[in-house]
Amino acid sequence: MIKHSPDQLEISDFMDPYLGGLNPNNRWIIMAKEIPWSQLKRIYERNMSFDKGARPKPARLVIGALIIKHKYKLSDRETIEQIKESPYLQYFVGLHKFQHDQVFDSSLFPTIRKRLTIKDFNDLSHLLQSHDVSIDEQSELRDEKNVESDTKYKKPEIENSISVDATVAVQEIPYPTDLALINKARIESEKIIDILWEFVKTDAKKPRSYRQKAQKEFLALTRKKKKGADFWRAANRKQLQYLHRNIGHIHRLLDQIKVGIPLNKRFLKLLYVIQEVYRQQMEMIEEKKNTVGFRIVNLYQPHIRPIIRGKSGANVEFGAKISISIDQGYSYIDHHDFEAYYEGEEEIIKKHIEAHKLRHPHTKLNGIVGDKIYGNRNAREVYDQNDITFVGSPLGAPPKDPEKIKEREENKVIHQKLRSHVEGKFGQTKRGYGLNNIKARRSDTTNSWIGAIFFIANLERFMKGIFFDLFFIIYEYDLWALVTSIIEAGIGQPNFKKNKETFLSRP
């Protein structure tokens, strides 16, 4: 039987669920109570001036908006709209009552990203770690478990150790090709010619750029099916000839200008980048090579570099390369650069060690967990100098003694277990918070975006620590007694029968 739904109610007749107040068990309410806002405020405001400029937005409002944005992977505008529509989010960012106006304009987000650096987000994460009381409790539990349990592998985890690895924060740019890059440079150079010609405008004819002919040839080249190396080299050279002509016209027009330059900051930067793109592409064509130093792959983000990763999905990634360390479940960016670097070199290892010393000045670093890259001979010398144990694959050929082979396999299992923390963190930040799709355009805002993502991941780790007694020490108590006490306390209503055997048999 089909039931016809009634007409939509008037807004005045709609029952407001918030008249009785907000639900105290809501996740945003709980998170707002647990985050140390006052101490986060001091970190946020340490680089700000209170004597000059307009009055800044409250620190809790700004940090809360960043948390909402990166937790849900929202755009700047959508973040403001979500806050405007939800009383829970407004409570979370520190408002005293519900309001229909936007908390601030979305154009403020780029300014916030320019202000906050990776170091600031690392300090915010370290503050959360210092307030996570579950770390000491988990350490005591781990010690008791290692003493009491009779496990297959007796070797315990190394205390005060970190897991290190590197990845690429992939930038959201079109997949670059030389031909498309040259064509885009040609189009932008034509715009610069138009601007300069309107400013100069003499009796002579406007310089010819052959833009229609060049565009038709570019489209014809992209439709070709068989494209070998010689084809691409000839196609790039042909488009570079048009670009070279345009650059010459720009220089001649600039010579005719005696007072002032009619190009704004954006076009002045583009002009420099266009000339560098032409130089790099001509160098590769004339010397018949496929690489060049400081190679530009995007006209509007010239700081982006190709990073060769050798992964099965993508051999080359485009973005910033970051080296992180996992310290008691919290991740920190110890080094980042847009240029490709070898993460196993001595300087990078020393940066991991120094960063740990700054975070824990009274605690000695005992171990570093890493893959083969971090276990080279030069890196092991650094470990020996600092009395640090490297947990990873040993150097040399595999042993032939069966007992040593067995011991090596046992150590391999332990190594893989410890390495899973850093690999899981990469999966969490890339799939959950968009580390594989960075949408900032400037180099400084890109770094801030990356730092915010790892701060959100650390915030999730911090909130898990809040519920440590419930989720991490269940095995210390009778499970059914714990569930019964939860039901009697009114924390949630489980949808299973109140039968011990039935509950324990559930997967």
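**Burial, strands and salt bridges**

Visitor: What is the relative accessible area of Glu346?
Guide: Glu346 counts as partly exposed, a class that lies between buried (under 20% relative accessible area) and exposed (over 50%), with a 1.4 Å probe and protein chains only. Glu346 is found in helix α13, helices being DSSP runs of H or I with at least four residues and strands runs of E with at least two. The relative accessible area of Glu346 is 32%.

Visitor: What kind of model is this?
Guide: Residues are numbered from 1 along each chain as its sequence is written, and side-chain values use heavy atoms, with hydrogens and water left out. Local features need pLDDT of at least 70, side-chain atom pairs count only at pLDDT 80 or more, and totals for chains, interfaces and linings use all residues, in a model that is predicted.

Visitor: How many residues of strand β4 are buried?
Guide: Strand β4 covers residues 330-337 and is largely enclosed by the rest of the structure.

Visitor: Which residue in the hairpin of β3 and β4 takes a positive phi?
Guide: Strand β3 (residues 316-327) and β4 run antiparallel to each other and pair over seven bridges, where pairing asks for at least two bridges found by DSSP. Within this pairing, Ser325 stands opposite Tyr332 in β4. The hairpin has two residues between the strands, and the residue with a positive phi, near 55 degrees, is Gln328.

Visitor: How many residues apart in sequence are the parts tied together by Asp132 and Arg461?
Guide: The two residues form a salt bridge (a side-chain nitrogen of Lys or Arg within 4 Å of a carboxyl oxygen of Asp or Glu), and the closest N and O atoms of Asp132 and Arg461 are 2.9 Å apart. Asp132 sits in the loop between α7 (118-130) and α8 (134-148), while Arg461 belongs to helix α16 (residues 443-466), so the pair ties together parts whose separation is 329 residues.

Visitor: What are the relative accessible areas of Asp132 and Arg461?
Guide: Asp132 is buried, and Arg461 is buried as well. The value for Asp132 is 6%, and for Arg461 the value is 15%.

Visitor: Which residue forms a salt bridge with Arg305?
Guide: The side chain of Arg305 meets that of Glu339 at 2.8 Å, N to O. This pair links distant parts of the chain, 34 residues apart, with Arg305 in the loop between α12 (265-286) and β2 (306-308) and its partner in the loop between β4 and α13.
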